[in-house]
Amino acid sequence: MTDIWGFLLQTLTASGAAALLLVVKAVFRDKLSPRWQAGVWGLLGLVLLLPAGWGGRYALVNWPWLVETLKTALTGDYGLTSVTAPIPLPRLAVPETAAAWVFAAYVLGVVFFLARYAVSYFRLRLALRRGTPAGAEPSAQIAAAAEAYGLPSCPAVEVPGLSSAFVCGVFRPVLALPAGEVLDEKVLLHELLHRKHRDAAWGLVICLFRCIHWCNPLLWYCADRAGNDLESLCDQRVLERLEGEDRRDYGRILLSMANERYARTPGTSSMANGGQNIRRRIEAIARFKRYPAGMGLVSVCAAVILALPLLLSTRSQAVPSGEQLSGSLNQAAAMASARTVSCTTYAGALDAYAKAVLDQNFIYRALCAPLAEQSALAAELRAAEDGGDGLWDSGIPAEPHQHSGYTYYNLRETAPEVWEALLVVELLDPPDMEPDTYYLACQTVRAYREDRRWVVVPQGNFQTVATQDGSWASWGCEDLPAFLYQAEAGDFRVTVRHQTSCKVTSTVTIEDSGSWFFGPQTSFDLTPQPRAEFDDVSENDLLLAEYIGEPDGQAAYRQIGVSVAPMAEGEARPELRNPGNQGGGGSSSDGSSWASTRLGPGDLDGDLFLGGGGSGYQGLGELAPLPASYAADLYLNGELAAELTLLPVEGGPQ
């Protein structure tokens, strides 16, 4: 915790877990044993020890949303609060903001309570130093009790003024005894059990949590309850070793064990021996019963079920739409929700960006925008709200066609955890629209990881591309860039244009629509899916040939055919299919394709399109790696003219 917002996130997360534990403990108060009642506090301890938001998860409630909303509304800070440690880690600098001063005051409070408990402990140790080693009779009594009940013995010291015995110390514990008094064997049994189960150490842990969360009354209450449950558990262990009248007598003796002077001193077994807690413990003793062995399994099952929402917790699922954002608090809340949802996959971030463009939505853009851009984005949102339309201006040249969705072309990893692709969306009513033509807006974008979030940054402005290829959204488009693979042989250059496309399936069924024959109608869902994977992907190869010889040599060629197959790095050259000389072509599921055509006058004046092939995959999640090269056979006039290896052209898609 390096600022007050980190502390607030940590303590709220722990408070949610504490509230659930208190409810569950109240329900099972008389149903399960004191072992379970005390042990279940370990779950809260784990929540307190784990940094809030660990693994991108929050205990029960999306606390980061509340903290981020409050932080943004009060300070205008659009950063994302992160808890790196469950303890305060103050910066060694003079505070410059009100929030920094508040955090400094909180740290001083932690130091004050640590010092207070430390002074209490050292005062007790000084009092023990003034005591004298236990005499022969008390030592023999302690040894006899330890031997009778099979417990480890403990060095003892007699101290004047003590009202009760207790164990002091974690690593070298000492049993402090009231000087000049004869203690009942049951009192010694109680303290020896504390020593065996290292309850002084657990008391020290509870004390540290008190200090760190000194301004949270709910956690202080839980600390009191945890200390009391440790005492009740020790009572249970004592009663399990006693019989008959000794059990009934134990409640009376318990009254003499109250120690208000050193109650809750860290590192001792007097953490919860205050007299105000004795009554509840005596009532528990009156209800004492031995729990059947099967209840141990029930307790474990209950603890596991309780641990799931506390430790595994949940991820924030809600993605705000950004509608009706009038008012600075509503805007701050929506922006905070977008930041805290987090895109956990690069596909989810790219999906969010594409839908932000389609819906012209500020909040969707905030979902995948770098934290450094959040403040400027919020300022644009306020200006857009004041201007009346409230729409995000992505720079797209015309209104996007939402129903057509989006497609990412040529996705590739340009560096570790850095992905680039070409976003393609259709324009609804572009200027100078021609019939039977699709107008596409294209923009290169980059996705990369920013801490636990994936974010997207555009790499240039939108460009408009006109095409008559109606399959652009699914099977590639020859008017859009592609990865080029080329080689030359004699008078010809052979080229493969390799395109990939991918998207997250966002089709939803419209209820009460369609007919029994055609089925229900569907529409494109504009809601981002920040944890999605690409599940609709395809690859497409186009075969091209270009004549590069002397112009008067074209007449020598009456037919041309090409057969190609992709190759991975180091892969042996495959055997390719003869495309024939009758025209036509085809492709195979292994990525190979072939085509041939008869040549007429003028066919070799430019690029000659031969054909191609492609494949699509549903639910794949990601594209296969780009081919390292292509094996190709060039056929001229029905004869094999050359065996080629097509290598990638530098410069990326073009």
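1. The chain contains 16 helices and 20 strands. The model is a predicted one, and the points below should be read with that in mind.

2. On the chain as a whole, 50% of the 654 residues count as buried. The accessible surface amounts to about 31,100 Å², and carbon and sulfur atoms contribute 55% of that area. Among contacts with a separation of 6 or more, 71% are between residues 24 or more positions apart.

3. In general, a pair of packed helices is described by the angle between the axes and by the distance between them.

4. On the side of helix 5, the contact with helix 8 is made by Tyr106, Val110, Phe113, Leu114 and Tyr117. Helix 8 supplies Cys207, Leu208, Arg210, Cys211 and Ile212. Sorted by class, the residues of this contact comprise 9 nonpolar and 1 charged, with no polar residues.

5. The other pair is helix 7, residues 185-196, with helix 9, residues 217-241. The axes of these helices come within 9 Å and cross at roughly 120°. Helix 7 is therefore oblique to helix 9. The crossing of helix 7 past helix 9 is right-handed.

6. Which residues make the contact between helix 7 and helix 9? From helix 7 come Leu189, His190, Leu193, His194 and Lys196. From helix 9 come Leu230, Glu231, Cys234, Asp235, Arg237, Val238 and Arg241. By class, the contact of helix 7 with helix 9 has 5 nonpolar, 2 polar and 5 charged residues.

7. A single residue may also be examined. Thr72 is located in helix 4, which spans residues 63-75. Is Thr72 buried or exposed? Its relative accessible area is 5%; since buried means under 20%, Thr72 is classed as buried.

8. The surroundings of Thr72 complete this point. Leaving aside residues up to four places away in sequence, Thr72 touches Asp77, Tyr78, Ala332 and Arg339.

Note on methods:
Residues are numbered from 1 along each chain as its sequence is written. This is a predicted model: local features need pLDDT of at least 70, side-chain atom pairs count only at pLDDT 80 or more; totals for chains, interfaces and linings use all residues. Side-chain values use heavy atoms; hydrogens and water are left out. Axes are lines fitted to C-alpha atoms, for helices over the stretch in contact, and angles run from 0 to 180 degrees between N-to-C directions. Helices (H or I, at least four residues) and strands (E, at least two) are DSSP runs, numbered from the N terminus. Angles under 35 degrees count as roughly parallel, over 145 as roughly antiparallel, 65 to 115 as roughly perpendicular and the rest as oblique. A crossing is left-handed if the near helix is turned anticlockwise from the far one by less than a right angle, and right-handed if clockwise. Contact means heavy atoms within 4.5 Å. Ala, Val, Leu, Ile, Met, Phe, Trp, Tyr, Cys and Pro count as nonpolar, Asp, Glu, Lys and Arg as charged, and the others, Gly among them, as polar. Buried means under 20% relative accessible area, exposed over 50%, partly exposed in between (1.4 Å probe, protein chains only). Accessible areas come from the Shrake-Rupley method with a 1.4 Å probe; for residues, only the protein chains shown count as cover.
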